[in-house]
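Please look through the sequence and the structure shown here before reading the report.

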Amino acid sequence: MSALLTVEDLRVSFPTRTGVVEAVRGVSFTLGRERLGIVGESGSGKSQTGRAIMGLTPLHAQVTAKTLAFDGIDLLSAPPKLRRDLRGKRIAMILQDPKYSLNPVMSIGRQIVETLRRHEKISRAEARRRALDMLAAVQIRDPARVFDLYPHEVSGGMGQRAMIAMMLVAGPELLIADEPTSALDVTVQLEVLSILDKLVAERGMGLIFVSHDLRLVSSFCDRVLVMYAGRIVEEIAASDLANARHPYTQGLLNCMPVIGADRHPLPVLDRKPEWAL
Amino acid sequence: MTVAVSVENLSVVYDDFRALDAASVQVEAGESFGLVGESGSGKSTLLRAIAGLAPVSEGTIRVQGRELRGARRDKAFYRAVQMVFQDPYGSLHPRQTIDRQLMEPLAIHGISDGERRILKALDEVGLGSGFRFRYPHQLSGGQRQRVAVARALILEPSILLLDEPTSALDASVQAEVLNLLEQVRRDRKLTFVMVSHDLGVVTHMCDRLAVMQEGRVVERLTSADLVAGRIAEDYTRNLMVASKGFRRVAETA
């Protein structure tokens, strides 16, 4: 498998009043056309890793890496114009909460068309047709109606489907999904995940799935990176999760209450300072 | 066993939307009762109606035998019933120290030994006295939710209303807060009414639960029944499947 994305020694740091905070401290991995999960608690640097690849790190932060290459393009030295062309066209990102990440004053259809017309020279009618097709592909029953709705007029599950439609409409090769379902109801979560799963498989995209839910990630991805304090502490095949060696990974696996397992009290993570070294 | 909270045919109507439609639940004293359902099923509305935070249009609410009318609650009610909200980022005052937020209920109720109670409450939720003069933004999500629990416990209530107390927290921190809640329930023989969309959490914490859909209670069952799969309603079964996590449907090649 040729590498779609190569990340070597990625570091993201934020200067603050009280000193430099290193959110990501030397993350390395390569990604082919596969599903990769990144798991960790809040503050482990998992989202910042995704954002750095996408080029969405805040301006005052510093991003350095030995290599950060997407399909042979060095992302760190790429001019802003090239990055804008990549973003949305070849690399796309699904964010957590559709309530906050969709434009509230633009109809859903127009937001999808905007992505398309930014990256391709096509007519309005053609863009509209493709947007409607895409809405149908994310299993929205009445695409023509939803096309004209505003984000506040749809439910969370519908909003997240619209977001997936928006991100996939330009046919990206790499999709970064940052907690795509944690703002949704359990039942809706599964629908959205299966839509995402189907589209990723059909289109042969590379997927980076960022989440704090280790079980969810392992059921969705081929390979999982477990992050703690800005570093990867363990890399493991999803099928092999039961044999996780790092105590942090084991802790994340065990701390969820499971139906039918009578464990009182629940095991909690005993965070060791040496994990962060 | 005595009934701690009894809700009969309760309806809550916002304009022409029925958030709660003739819902009834009975919670025994000392038990832990769960309310499960999707967003919009009315589970939080039911909890808020008990606390006087939702406009009741029909039905009766009784807490420890006393009927509550309207949205006004007297001091005795708040001594007996306290609530923990979902989002610890929103439920603590951002510009007050933890000390001041814990002092407020004591001041309202004219309780004098504040000093001792605050230290005891902080100790009980596993935060040392070092956290006493900090502001909410200096705490992590889990620590903030611990403060919210401490604030609820400081009046020594007998009933705790919990509205998704851990859904804003990381999985690993969730375990800590759930353990804390179980611990205080055991120590103080509290009655819990807990809302959650996560069946795993509810079966872990509660003895009995009610499944809600579109403002109505569709099924009442014990956690043991749920675990054993003795389920009558399809809706409950769907929730059960959903909570087992994502399964890839075998692709037809």
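The report takes the sheet of each chain in turn, then the packing of helices, some backbone features and the contact between the chains.

## The sheet of chain A

The model described here is a predicted one. In chain A, six strands form an open sheet of mixed pairing, and their order across the sheet is β7-β8-β9-β3-β10-β11. The edges are taken by β7 (91-94) and β11 of chain A, each of which has a single partner strand, so one side of each is left without a neighbour in the sheet. From one strand to the next, the twist averages 20 degrees.

Within this sheet, strand β3 (residues 35-39) of chain A runs parallel to strand β9 (residues 206-211) of chain A, and five bridges join the two. A:Leu36 stands opposite A:Ile208, which belongs to β9(A). Helix α7 (residues 156-168) of chain A lies across β7 and β8 (174-178) of chain A, and its direction is at about 175 degrees to that of β7(A).

## The sheet of chain B

Chain B also has an open sheet of six strands with mixed pairing, here in the order β6-β7-β8-β3-β9-β10. Its edge strands are β6 (81-84) and β10 (216-222) of chain B, each of which pairs on one side only. The twist from one strand to the next averages 20 degrees.

Strands β7(B) and β8 (residues 191-196) of chain B run parallel and are joined by five bridges, and B:Leu160 has B:Phe192 in β8(B) as its bridge partner.

## Helix packing around α4 of chain B

Helix α4 (residues 98-108) of chain B packs with helix α5 (residues 114-124) of chain B at an angle of about 120 degrees, their axes being 10 Å apart. The two helices, α4(B) and α5(B), are therefore oblique to each other, and the crossing is right-handed. On the α4(B) side the contact involves B:Asp99, B:Leu102, B:Met103 and B:Leu106, and these meet B:Gly114, B:Arg117, B:Ile118 and B:Ala121 in α5(B). By class, the residues of this contact divide into five nonpolar, one polar and two charged.

Helix α4(B) also packs with helix α6 (residues 141-153) of chain B, at an angle of about 25 degrees and with the axes 9 Å apart. That angle makes α4(B) roughly parallel to α6(B), and α4(B) passes α6(B) in a right-handed crossing. The residues in contact are B:Ile98, B:Gln101, B:Leu102 and B:Pro105 of α4(B), together with B:Val147, B:Ala150 and B:Arg151 of α6(B). This contact has five nonpolar, one polar and one charged residues.

Most residues other than glycine have a negative phi, and most peptide bonds are trans. Against that background, A:Ala229 has a positive phi of about 50 degrees although it is not a glycine. A:Ala229 is found in the loop between β10 (223-228) and β11 (231-237) of chain A, and because 20 C-beta neighbours lie inside 10 Å, A:Ala229 counts as buried.

In chain B, B:Glu164 is a residue other than glycine whose phi is positive, near 45 degrees. B:Glu164 sits in the loop between β7 (159-163) and α7 of chain B, and B:Glu164 is buried, as there are 20 other C-beta atoms within 10 Å. Returning to chain A, a cis peptide bond with omega of about -10 degrees joins A:His264 and A:Pro265, and A:Pro265 is placed in the segment after α10 (247-254) of chain A.

## Where the chains meet

In the contact between the two chains, 28 residues of chain B touch 29 residues of chain A. On the chain B side, the elements that give two or more residues are α7 (171-188), α8 (199-205) and α10 (234-243) of chain B. Of these, α7(B) gives the most, with seven residues. By class, this side of chain B has ten nonpolar, eleven polar and seven charged residues.

How values were computed: Residues numbered from 1 in each chain as written. Chains lettered and ligands numbered in written order. Predicted model: local features only at pLDDT ≥ 70, side-chain atom pairs only at ≥ 80, totals over all residues. Contact = placed C-beta atoms within 7 Å. Helix = DSSP H or I, 4+ residues; strand = E, 2+ residues; numbered from the N terminus. Nonpolar A, V, L, I, M, F, W, Y, C, P; charged D, E, K, R; others polar. Axes fitted to C-alpha atoms, helices over the stretch in contact; angles between N-to-C directions. Parallel < 35°, antiparallel > 145°, perpendicular 65-115°, else oblique. Left-handed = near helix turned anticlockwise from the far one by under 90°. Buried ≥ 20, exposed ≤ 12 C-beta atoms within 10 Å, placed from the backbone. Pairing = 2+ DSSP bridges.
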